[in-house]
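This briefing sets out the architecture of the structure shown below, with attention to its strands, helices and selected residues. The points are grouped by topic.

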Amino acid sequence: MIKRLLPLLAFALLAVLLGLGVLRNSGKDTSAIPSPLVGKPAPAFSLPVLGEPGRLVSNEDLLGEPYLLNVWGSWCPACRDEHPVITELAKSGRIKVVGYDYKDEPEDAQRWLQQFGNPYSLVIADYDGRAALDWGIYGAPETFLVDAQGVIRWKFVGPITPEVVQQQLLPALETLE
Amino acid sequence: MLPELGLVSLALALMLALALSVLPLLGAQRNLGPWMATARPLSYALLAVVSVSYALLTWAFLQHDFSVAYVAQNSNSLLPRAYQVTAVWSAHEGSLLLWLWFLVLWTALVARFSKALPMPVVARVLAVMGMIALGFLAFTLFTSNPFERLLPAVSEGRDMNPLLQDPGMIFHPPLLYTGYVGFAVAFAFAVAALIDGKVDAQWVRWSRPWTNVAWAFLTLGIALGSFWAYYELGWGGWWFWDPVENASFMPWLVGAALLHSQAVTEKRGSFRGWTLLLAIAAFSLSLLGTFLVRSGVLTSVHAFASDPERGMFILAFLVAVIGGSLLLYALRAPKMETGKPFAAASRETFLLANNLLLTAAAAMILLGTLYPLLAEALDLGKISVGPPYFGLLFILLMAPLVALVPFGPLTRWQREDLSQPLRWLAPWAVLAGVVAVITFFAWPHGTAKTAFGLLGAAWVAAGTARFAWQRLKSTSQGQRFTAEMVGMLLAHAGIAVFVAGVFITESTSIEKDVAAKPGQHFELRGHDFHFEGVEKRQGPNYLADHGTVVVRRDGREIATLHPEKRAYAAGGQVMTEAALDGGLTRDLYVALGEPLDANGTWALRLYVKPWIRLIWLGSLLMALGGFVVVFDRRFRRPVAAGVPA
């Protein structure tokens, strides 16, 4: 009988472990779309700056100051929708906004920025989307808030609206300040 | 209106599944004929309503109904028609519905093809399938409603994940789900047998064909996924020990153990407890895989949207299904191993070793996949377990298995008679050794790893051929090969081909990143890659940077490759189309990077991958073997034929 209970006991341990895993994930800020990456350090990357293929920026270069990483692409209609909101946010000076040009042709991206304005203090280009896999980026637009220590504090999937800024981003920013 | 109808039919399906899980089971317990007789009609009705629901979701995609949130998130008015159909299963809610549809399809198939079975067995098996469907329906309805409205509707959808817009994506998930869900049948048979309390060889015979088909589909699904990652994602590799891959590989390994264990139980009556446990484990791991992928507990390069609430729900479901069946096992499994005793070097022992090694490999992968979670729970800090762990341990566990494969068919049931098979196999072992030595010295760019791989491959191939030859020689015509044996031979030959492919390609592949000016040459493993340049080219629905690379070998032109960067007008995304010249003996692979200057210099990545096709060829042979076994006449014999001695 004891021997026959072993598989059940092993499974019980496994279930407890999985339960812990789920609880850990759901304990975080539930107002944002939950991301397994929130609360974890931003993934290591080294990507060229848009328009300056020779200049590489890594995650370490961005340490020391919180920043908003906004994933966009010239091909993405929803990015156009959120662009005024991002621009407004960057103008307010509350946070440094870094653009993450995702799977995009550099010329198209630059034309797009000329047309709609460039609110970003820096745009890094992930041409083939490989680094995006580490960020868990599913599509554009997505936005990450990373603190001065390089830890992802908040993530939003989809176009950012003024409501999202008021209800989620600003409170998240306050916890940083 | 139609999406609401889809939701209503899901709710109706929930009622039907509830009825299916209760009525036939009670009928079987109390021996009430009419109650048991509801099992089949309920199964068909369940299939019908879930199909309606699935069809309506597909219709919403075809109609670009962006008032349905799921459609708005995963489609776009410019999405090609074929992908509108496959976009249905490109994210969580739709995949779940597809899973469910396959589950009720298998349930209906079991209902249809179980005429030879006694009614109480049919009733119990279908009831257990109904319970699983009930759990998935509740999950879909309460946490992942695909028909949820998005009001006001948006004018344009966010588009399907561009990575998934590929023909490989059309078949990969359905094959995988068919395999996962197929193990539900073996599971249901095992649980039904446990409820009945009669665990005899008969239930195993009934469930064997289903297990084989499920395993074969899973093999195809995994192989196609691997091939898709290879040629579409452009990573150059074929397996990454990614959590999602592991999630499908664990049930595959346990399923392979189950196939062999079932054969022993059916023929000899031994290993009953094992077979029951493996049948439970194979399906449990399929569910666990779903949990790992869907709950967000683990992050993965495959990560689709994940959600902790869904995680809690699946965990509860997992506890009910797996915990319940294991409890039942603890209470009802046969009191003792009732099979006939067997000697130390009998075929039983070899198959037991097969079972233990495959199960240990699955356990090792489970541990490695969950290790980050375990480390986090115990505050050991962030430790990730990478391919080196999996690769090393997997080879350590599979090497003995490969060494034992030829013995299984050649040894005898029950009796100890190792000297005979050893005499048969000795010359072939020597041959395999010679092959390894020749490989080591003569294979172009070969290493010890190449030699080791070909040693294993030649040994399995020769041992398998030896068995085939023996049947040809010693058995009279007409009964030489049963379908079961042919299936076994094909699958074991598949192992040989697969092992050869893995080791050759892993030890002799080469890749090179270059900055290429037009007209420049690059030499790679005897292949001369001549970069002619990149030009703009208009495709049907995209504008491409169209590169041309001519490959020569010994001065002779052997391939012209056109790697592309495509900017799609629809959706606008940019995709890298690597160019591949595939062949049995080698794949040449060129991917276009980025333009480096205004003079036409581009970053190029060149690969030469010898014999990589053998990996998928071997997998296909294994899957084919799984399918062929089903045609064994024994499985179609009516019940009256009785249990073999």
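The model is predicted. In chain B, helix 3 passes helix 6 in a left-handed crossing. Helix 3 of chain B covers residues 39–62 and helix 6 of chain B covers residues 92–112; the two pack at an angle of about 150°, with their axes 9 Å apart. Helix 3 of chain B is therefore roughly antiparallel to helix 6 of chain B, since angles over 145 degrees are counted in that class.

- Helix 18 (residues 483–508) and helix 19 (residues 613–629) of chain B have axes that come within 7 Å and cross at roughly 165°.
- That angle makes helix 18 of chain B and helix 19 of chain B roughly antiparallel to each other.
- The crossing of helix 18 and helix 19 of chain B is left-handed.
- Two packed helices are described by the angle between their axes and the distance between the axes.

**The open sheet of chain B**

- An open sheet in chain B is formed by four strands in the order 1-10-9-8, with antiparallel pairing.
- Strand 1 (510–516) and strand 8 (579–581) of chain B stand at the edges with a single partner strand each, so one side of each has no neighbour in the sheet.
- On average, neighbouring strands of this sheet are turned by 15° against each other, direction ignored.
- Strand 1 of chain B is joined to strand 10 (residues 602–610) of chain B by seven bridges, and the two run antiparallel.
- Within strand 10 of chain B, B:Val608 is the residue that stands opposite B:Ile510.

**Overall organisation of chain A**

- Chain A contains five helices and seven strands.
- Along the sequence, the elements of chain A follow the pattern α-β-β-β-α-β-α-β-α-β-β-α.
- Chain A has 177 residues, of which 41% count as buried.
- The domain assignment divides chain A into domain 1 (1–29) and domain 2 (31–176).
- Between the C-alpha centres of domain 1 and domain 2 of chain A the separation is 37 Å.

**Strand 4 of chain A and its partners**

- Six of the seven residues of strand 4 (residues 96–102) of chain A are buried, so this strand is largely enclosed by the rest of the structure.
- Strand 3 (residues 67–72) of chain A runs parallel to strand 4 of chain A and is joined to it by six bridges.
- A:Trp72 stands opposite A:Asp101, which belongs to strand 4 of chain A.
- Strand 5 (residues 122–126) of chain A also runs parallel to strand 4 of chain A, and five bridges join the two.
- A:Ile124 in strand 5 of chain A has A:Tyr100 standing opposite.
- A right-handed β-α-β unit is made by strand 4, helix 3 (residues 106–116) and strand 5 of chain A.

**Positive phi values in chain B**

- Most residues other than glycine have a negative phi.
- B:Arg525 is a residue other than glycine with a positive phi, near 45°.
- B:Arg525 is placed in the loop between strand 2 (521–524) and strand 3 (527–538) of chain B.
- Having 18 other C-beta atoms within 10 Å, B:Arg525 is partly exposed.
- B:Asp554, likewise not a glycine, has a positive phi near 50°.
- The loop between strand 4 (542–553) and strand 5 (556–561) of chain B holds B:Asp554.
- B:Asp554 is exposed, because 8 other C-beta atoms lie within 10 Å and the class takes in residues with 12 or fewer.

**Separation in sequence and in space**

- B:Ala457 is found in helix 17 (residues 448–474) of chain B.
- B:Ala457 counts as buried, with 27 C-beta neighbours inside 10 Å, where the cut-off is 20 or more.
- B:Ala457 and B:Ala496 are 39 residues apart along the chain, and their C-alpha atoms are separated by 4.2 Å.
- B:Ala153 lies in the loop between helix 7 (119–143) and helix 8 (167–196) of chain B.
- With 13 other C-beta atoms within 10 Å, B:Ala153 is partly exposed.
- B:Ala153 and B:Pro251 are 98 residues apart in sequence, and C-alpha to C-alpha they are 41 Å apart in space.

Terms used
Residues numbered from 1 in each chain as written. Chains lettered and ligands numbered in written order. Predicted model: local features only at pLDDT ≥ 70, side-chain atom pairs only at ≥ 80, totals over all residues. Domains from an automatic or database assignment. Pairing = 2+ DSSP bridges. Right-handed = clockwise from strand over helix to strand, strands pointing away. Axes fitted to C-alpha atoms, helices over the stretch in contact; angles between N-to-C directions. Parallel < 35°, antiparallel > 145°, perpendicular 65-115°, else oblique. Left-handed = near helix turned anticlockwise from the far one by under 90°.
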